[in-house]
Amino acid sequence: MSDPSDTRRYLENWQDEVDSASEYRAMAASESDPRLAKVYANLAAMEEGHIGFWEDRLRRAGATVPPRRASWRSRVLAAVAAKEAVDQNGYVKQPETAGTAMPGHERWHARVLSQLVATQPRGLQGSFLGRLEGRHRSVGGNALRAAVLGANDGLCSNLSLVMGVAGAAIDSHGILVTGLAGLLAGAGSMALGEWVSVTSARELAQREIRIEASELREDPEGEGEELRLIYEAKGLSPSEAETMARRLLADRTTAIDALAREELGIDPKDLGGSAWEAAVASFALFALGAIVPILPFLVWRGTLAVASSAVVSALALFGLGAAITVFTGASAWRAGGRQLLLGLAAAGLTFGVGRLIGIALAG
């Protein structure tokens with residue numbers, strides 16, 4: 001029998017591979033480009049082999065192999081997250097995979113590019129590269145994560161504000177007005193900050209792309225060498241990397257696009273999105289969270305309103321904490337409970353401070 005910690009690790013690796021295979025199959029089924037669809041299907045087949053490897057390890061350890069079912073997080077996301085990029089070396093230090101092809105398979109993602117070079121007479125377009133290498137980051141995960149975090153900010157800050165004012169023994173009408181003011185001030189501040197952030201990031205990205213374009217014009221050989229080294233670092237052989245760089249440099253627009261993506265980490269067609277859309281979304285999401293603690297004051301008064309505010313806010317805190325585990329992979333109960341405790345601790349602290357201030361002012 002294996003050590004229980006090994007068995008847990010085998011099961012965790014097995015679930016990761018089940019999730020990856022499921023996600024790659026979903027991507028292959030929804031991909032309109034047949035070349036990418038084939039790549040995703042091949043990746044799914046590779047992950048199926050990894051599933052079998054860990055199932056064999058589980059059986060040897062005397063453990064029961066569960067049915068192959070994607071986790072709820074995988075089903076919610078419905079696309080590959082940044083797992084392959086982050087975990088591509090995850091098996092290197094695990095002794096069971098020594099001598100197998102699995103560590104190489106997990107690094108094979110970048111090598112897929114070389115299989116597609118021959119199909120592109122002028123090299124892979126930058127957008128095509130971005131869809132393959134950056135697909136994980138563009139399937140809505142960032143937007144959903146921002147939504148959860150934005151609502152959480154509004155909820156925590158306004159709950160603390162409302163509880164602080166309630167602790168000072170201010171009447172329900174005053175608490176309601178204060179909560180609404182906190183909602184508008186916080187949401188406005190968040191929106192302005194998001195607008196400035198996105199605008200500044202866009203301007204910086206545009207400047208970096210202009211510099212890269214100038215360097216390409218003045219020293220195309222040097223930029224080609226940079227691309228070659230980047231692709232080698234991703235796992236391509238020297239000859240494959242040389243072929244890739246040469247084909248990309250055959251077209252200036254494609255070369256700038258590839259340099260922006262590979263060297264700068266910038267998508268020239270995105271550049272952070274619309275600053276106004278980001279500002280409006282930030283305002284709405286903060287307000288969505290901030291309105292929760294003040295809703296009871298629209299219906300009730302006094303102690304009942306304060307208690308109801310604490311209860312509905314506690315439920316919302318737990319829900320938001322659990323929701324973020326879609327991205328972190330942590331236990332929903334643990335993350336939700338942690339968020340609940342931290343949020344209530346902050347609210348309790350401000351309530352206590354408000355109570356002390358109220359007593360002091362009352363003389």
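Buried means under 20% relative accessible area, exposed over 50%, and partly exposed in between (1.4 Å probe, protein chains only). The model is predicted: local features need pLDDT of at least 70, side-chain atom pairs count only at pLDDT 80 or more, and totals for chains, interfaces and linings use all residues. Residues are numbered from 1 along each chain as its sequence is written, and side-chain values use heavy atoms, without hydrogens and water.

**Exercise 1.** Classify Glu 218 as buried or exposed, and locate this residue.

*Solution.* Step 1: the relative accessible area of Glu 218 is 63%. Step 2: this value is over 50%, so Glu 218 is exposed. Step 3: Glu 218 lies in helix α9, which covers residues 172-218; helices are DSSP runs of H or I with at least four residues, numbered from the N terminus.

**Exercise 2.** Classify Ile 291, and state where this residue is found.

*Solution.* Step 1: Ile 291 has a relative accessible area of 34%. Step 2: this value lies between 20% and 50%, therefore Ile 291 is partly exposed. Step 3: the loop between α13 (275-290) and α14 (302-323) holds Ile 291.

**Exercise 3.** Describe the fold and burial of the chain.

*Solution.* Step 1: the chain contains 16 helices and zero strands, where strands are DSSP runs of E with at least two residues. Step 2: the chain has 363 residues, of which 43% count as buried. Step 3: among contacts (heavy atoms within 4.5 Å) with a separation of 6 or more, 74% join residues 24 or more positions apart.
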